[in-house]
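I opened my notebook to record what I looked up in one structure. The entries follow in the order in which I made them.

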Amino acid sequence: NAGVMQNPRHLVRRRGQEARLRCSPMKGHSHVYWYRQLPEEGLKFMVYLQKENIIDESGMPKERFSAEFPKEGPSILRIQQVVRGDSAAYFCASSPPGGARETQYFGPGTRLLVL
Amino acid sequence: GEDVEQSLFLSVREGDSSVINCTYTDSSSTYLYWYKQEPGAGLQLLTYIFSNMDMKQDQRLTVLLNKKDKHLSLRIADTQTGDSAIYFCAEGRSNYQLIWGAGTKLIIKP
């Protein structure tokens with residue numbers, strides 16, 4: 001039973017390019033959460049999605065950031081026109097229906113570096 | 001504010017006990033968590049404690065909660081080299097949101 005998969009593990013982009021981060025939840029999990037970790041800070045909640053629905057995007061910047069979790073395929077976190085301040089580790093977690101905190105399983109993260 | 005505070009580093013000798021401390025802010029938080037992150041890996045839930053408890057023990061791990069002072073600690077007995085990692089404290093808000101500390105890097109000296 002594979003865990004939460006994220007790819008790519010490392011991503012380098014130049015300012016103004018687009019970054020696409022993918023997250024495949026654990027088998028049987030229908031809830032996905034995205035977190036961002038800036039250097040020497042804790043994780044910050046960004047968005048909570050269920051299949052085809054955004055449940056809570058209160059932690060996501062209003063501009064340039066979007067997230068989706070389609071019926072088929074992985075969840076995608078998309079950052080348009082990246083800036084240096086977007087450089088961070090982005091973690092995805094998934095949970096089964098019910099979405100309790102203690103059942104969130106985390107992926108290894110994508111480290112985004114914006115040059 | 002909503003900060004969860006932790007020291008950034010802790011250095012202990014192999015075989016000694018490690019005590020990682022955390023302070024949180026929201027007295028209404030019902031669950032508090034400890035996660036472990038090994039290099040290049042995801043976050044692994046180690047243990048969690050409900051706010052009406054003051055202690056929880058699980059093998060080498062002991063969690064102490066002082067709700068009055070909003071202070072949480074994780075004690076690792078007989079620290080081994082495999083315990084080298086970053087340990088995150090998190091408090092639960094709402095049904096799914098976690099508020100995280102910056103993590104404490106545990107360094108094991110031989």
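**Arg64(A).** Arg64(A) counts as partly exposed, because its relative accessibility is 25% (buried means under 20% relative accessible area, exposed over 50%, partly exposed in between, with a 1.4 Å probe and protein chains only). I found Arg64(A) in the loop between β6 and β7 (65-68) of chain A (strands are DSSP runs of E with at least two residues, helices are runs of H or I with at least four, and both are numbered from the N terminus). Arg64(A) is not a glycine, yet its phi is positive, about 75°.

**Ground rules.** I noted that residues are numbered from 1 along each chain as its sequence is written, and that chains are lettered from A and ligands numbered from 1 in the order in which they are written. In this predicted model, local features need pLDDT of at least 70, side-chain atom pairs count only at pLDDT 80 or more, and totals for chains, interfaces and linings use all residues, while side-chain values use heavy atoms, with hydrogens and water left out.

**Glu52(A).** I then turned to Glu52(A), which is also not a glycine and has a positive phi of about 65°. Glu52(A) sits in the loop between β5 (43-50) and β6 (53-56) of chain A. Its relative accessible area is 55%, so Glu52(A) is exposed.

**Pro8(A).** Next I checked a peptide bond. The bond between Asn7(A) and Pro8(A) is cis, with omega about -5°. Pro8(A) belongs to the loop between β1 (5-7) and β2 (10-13) of chain A. I wrote down the general rule beside these entries: most residues other than glycine have a negative phi, and most peptide bonds are trans.

**Ser95(A).** Is Ser95(A) buried or exposed? Ser95(A) is buried, because its relative accessibility is 0%. I located Ser95(A) in strand β9 (residues 88-95) of chain A. Its side chain makes a polar contact of 2.8 Å with the side chain of Tyr33(A) (a polar contact is a pair of N or O atoms within 3.5 Å; within protein, one must be able to donate a hydrogen and the other to accept it, and residues adjacent in sequence count only if both atoms are side-chain atoms). Not counting residues up to four places away in sequence, Ser95(A) touches His29(A), Ser30(A), His31(A), Tyr33(A), Thr103(A) and Gln104(A) (contact means heavy atoms within 4.5 Å).

**Ile76(B).** I moved to chain B, where Ile76(B) lies in strand β8 (residues 71-76). Ile76(B) has 1% relative accessibility and therefore counts as buried. Leaving aside neighbours within four places in sequence, its contacts include Asp16(B), Arg60(B), Tyr87(B) and Leu106(B). Ile76(B) and Asp16(B) are 60 residues apart in sequence, and their C-alpha atoms are 8.6 Å apart.

**Chain A as a whole.** How many helices and strands does chain A have? Chain A has zero helices and 11 strands. The C-alpha trace of chain A spans about 40 × 25 × 25 Å along its principal axes. Of the 115 residues in chain A, 45% are buried. Among contacts in chain A with a separation of 6 or more, 54% are between residues 24 or more positions apart. Last, I noted 17 positive and 11 negative side chains in chain A, with the centres of the two sets 6 Å apart (Lys and Arg count as positive and Asp and Glu as negative, while His and the chain ends are not counted). The place of a charge is NZ of Lys, CZ of Arg, CG of Asp or CD of Glu.
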